[in-house]
Amino acid sequence: MKRVIVLAAALLSLSCLQLKAQHFDPEHRHSVELSSGFPPIHAFMLGSNGSYRMYAGFSEDTNFRGSVTLGYTYAINEKWDFNAAFNLASHFYTRTYYNSTEETDEAGYPFTKYDWDSVKEVKSDMTVWPSYMANFRWKWYRSDKVRLYSSFGLSYLPWIWPIFPNLTPIGINFGGNHFYGLAEFNFSTAATFAHLGLGYRF
């Protein structure tokens with residue numbers, strides 16, 4: 001939460017700056033970005049549901065949900081960028097398995113009875129899911145060191161939902177001609193709130 005508050009204050013301060021002339025350099029249209037978001041929305045779907053855990057005889061505690069995104073951006077013109085990215089969302093968790101016995105109900109059907117007070121074993125594991133993202137960025141403020149933008153697009157998620165929307169109400173690129181930082185309020189397969197990273201323009 002502290003990181004989000006600092007990010008919000010930085011974006012508000014930048015939005016109050018006097019607008020400068022916008023400069024577009026066609027010789028540096030390309031950039032690559034490495035970023036991380038927390039928490040990606042679909043990572044909440046990576047764990048097992050409660051009814052399945054009861055049936056299979058284990059409990060599950062989430063340790064961390066996060067993502068890493070590798071992206072490429074092409075500057076179409078002074079106002080618009082196209083961004084394509086590959087994202088890996090991760091779900092780290094601990095599962096506790098319980099001892100069980102095989103019993104028969106009153107109708108004669110067999111069933112498994114778990115002793116929820118008797119731990120059999122504890123395992124830590126992780127699940128990773130990929131997604132492929134395509135976004136358009138509208139750069140509504142631009143100076144030599146700062147770019148403010150909004151973006152929209154779609155993600156393709158194999159094995160979960162075929163298509164998922166991406167939306168960034170506000171994002172910022174800040175830095176020199178080549179290396180820069182980025183920070184976004186983001187709702188996508190990359191993040192559901194804070195999305196931060198580094199980029200290189202060439």
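Author: A hairpin joins S7 to S8 through six residues, strands being DSSP runs of E with at least two residues and helices runs of H or I with at least four, numbered from the N terminus. This is a predicted model, in which local features need pLDDT of at least 70 and side-chain atom pairs count only at pLDDT 80 or more, while totals for chains, interfaces and linings use all residues. Residues are numbered from 1 along each chain as its sequence is written, and side-chain values use heavy atoms, with hydrogens and water left out.

S7 and S8 (residues 194–201) run antiparallel and are joined by seven bridges, where two strands pair if DSSP finds at least two bridges between them. Within S8, alanine 194 is the residue opposite phenylalanine 185. Asparagine 173 has leucine 182 of S7 as its bridge partner.

Turning to the aromatic side chains, a search of the whole structure finds twelve aromatic pairs, counted when the ring centres of Phe, Tyr and Trp (its six-membered ring) lie within 6.5 Å, with planes under 30 degrees apart called stacked, over 60 edge-to-face and the rest tilted. One of them is the tilted pair of phenylalanine 58 and tyrosine 97, at 5.4 Å centre to centre and 45° between the planes. Phenylalanine 58 lies in strand S2 (residues 58–75) and tyrosine 97 in strand S3 (residues 80–104), so this pair ties together parts that are 39 residues apart in sequence. Phenylalanine 58 is buried, at 4% relative accessible area, whereas tyrosine 97 is partly exposed, at 22%; buried means under 20%, exposed over 50%, and partly exposed in between, for a 1.4 Å probe and protein chains only.

Phenylalanine 86 and tyrosine 132 form another tilted pair, at 5.3 Å centre to centre and 45° between the planes. Phenylalanine 86 belongs to strand S3 and tyrosine 132 to strand S4 (residues 110–142), so the parts tied together here are 46 residues apart in sequence. Phenylalanine 86 is partly exposed, with a relative accessible area of 34%, and tyrosine 132 is partly exposed as well, with 42%. Elsewhere, ring pairs link Trp80, Phe82, Phe136 and Phe152 into a cluster.
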